[in-house]
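Please keep the sequence and the structure in view while reading.

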Amino acid sequence: MPSMLRKTRLFTPGPTPLLPAAQRAMAAADVHHRTAEYRALQQRVVADLKTFIGTRNDVILLASSGSGAMEAAVSNLTSPGDKVLVLSAGKFGERWRDLARAFGCQVELVTAEYGQTFPLDQVRAKLSPEVRAVYMQATESSTGCRHDVAGVAKLLRGSDALLVVDAITGLGTTHLDVDGWGIDVIIGGSQKAVMVPPGVAYLAVSERAWQRMESARNPRYYFDLRKERKVAAKGESAYTPAIPVVAGLAASLDYIREMGSGDLAAGREALVANAETMAEMTRAAAQAQRLALFAAEPCAALTAILPPSGTDSGDIIKLFRQQFGAVVANGQGEMKGRIFRIAHLGYYDYVDTMGILAALEHVLAYVARPRHVEFGLGLKAAQEVYARAVAEKQAVAVTT
Ligand SMILES: *Cc1c(COP(=O)(O)O)cnc(C)c1O
């Protein structure tokens, strides 16, 4: 091991690197939640999250990781015996399936292999008037695959089935027209593209979904969304909120607004475009080094890459950590050892991404002996992607 300086850096699709301004805001957040100061903070964050999500629907904050909001989207919207459709092609799709079963739903499944997405006609074939809700991911973080939320939403037009989207890594990395497409519940998490630590899950809930809650009979207590909606009108939460994380979110949303020169919706688009460029650079670099990409429809939140044949991805991850202090994600569940995942969501810039791609070439050189790795091939490909993205942006700026 070379005795060189190493900084620990997260390249995992949650938790993600923290925004320094958010860290400062969190350190200063020793306020009580039943005060005017906190109520104003929460109301501001909720208003900004609506713009960030791109919805006029109510936004609710929960003190939990993202899965808490997923549970709320099952327990609040269903009754035992309800037929629901789950679209599953990875660990997080399976979480929807398991949650719906835990709450006594009759689960219909459309599955695709890990790394793939579902053909829309398979989804159409499973839709019937009895299906009360459809649960899916916008981006499946365990595989790096993007799913066609707009396509599924279109299939549901005119039906009574609610559309519930786990966009925990989709928000801030993907173009989502929440109200235009008719997404009834969309879920995000603080430790993903919004650059703060875990502790807050947020969800936007449509009027149709609020109405469904009036008749849904599954048990709920901590994650009772109707109770949260009532107190949120005054800037409160039913229980103690994750005060520092909410304060961090306020700072992050300000930062994203600055990315859009004072326009938060434009800032969100800039954040999405940034992730798209980082993802495209990473795909180009991996392919230039003859590594195969795992996802059929790669998302911009992260890139899942297959190690060279005969190599366990765990060895690659260990080398990243030991040699470079870089925390890269292994595959989850059945994908453990078979892929490694590099994140792009949130606070990553060109230098971060070039750094991890340069480190990747060294790591490959370690694991690939006696295979020869030519340094720079991946970096050149990534630089060309970046240069093209910047040139396109300048061309747009000149014509508008
Ligand atoms: C991170 C993540 C979740 C939530 O996981 P938690 O550990 O509960 O925050 C759910 N779905 C997707 C797609 C995710 O990336």
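## Domains and charged pairs

Between domain 1 and domain 2 the count is 0 salt bridges, a salt bridge being a side-chain nitrogen of Lys or Arg within 4 Å of a carboxyl oxygen of Asp or Glu. Across the interface of domain 1 and domain 2, however, the rule finds 11 residue pairs in polar contact, both residues at pLDDT 80 or more; a polar contact is a pair of N or O atoms within 3.5 Å, where within protein one must be able to donate a hydrogen and the other to accept it, and residues adjacent in sequence count only if both atoms are side-chain atoms.

This is a predicted model, in which local features need pLDDT of at least 70 and side-chain atom pairs count only at pLDDT 80 or more, while totals for chains, interfaces and linings use all residues. Residues are numbered from 1 along each chain as its sequence is written, and side-chain values use heavy atoms, with hydrogens and water left out.

The domain assignment, which is automatic or from a database, gives domain 1 as 9–16 + 262–399 and domain 2 as 20–259. Domain 1 and domain 2 bury about 3,000 Å² between them, 65% of it on carbon and sulfur atoms, where buried area is the accessible area (1.4 Å probe) that two parts lose on being put together, summed over both. In domain 1, Leu264, Arg268 and Tyr347 lose the most area to domain 2, together 21% of what that side buries.

Over the structure, the salt-bridge count comes to 14, and three of these pairs are set out here.

| Pair | Closest N to O distance |
|---|---|
| Arg208 and Asp184 | 3.0 Å |
| Arg226 and Glu214 | 2.9 Å |

Arg208 is partly exposed at 36% relative accessible area, whereas Asp184 is buried at 3%, buried meaning under 20%, exposed over 50% and partly exposed in between (1.4 Å probe, protein chains only).

Asp254 and Arg257 both lie in helix α10 (residues 243–259), 3 residues apart, about one turn of the helix. Together with Arg44 and Asp48, Asp254 and Arg257 are linked in a network of salt bridges.

Note on methods. Helix = DSSP H or I, 4+ residues; strand = E, 2+ residues; numbered from the N terminus.
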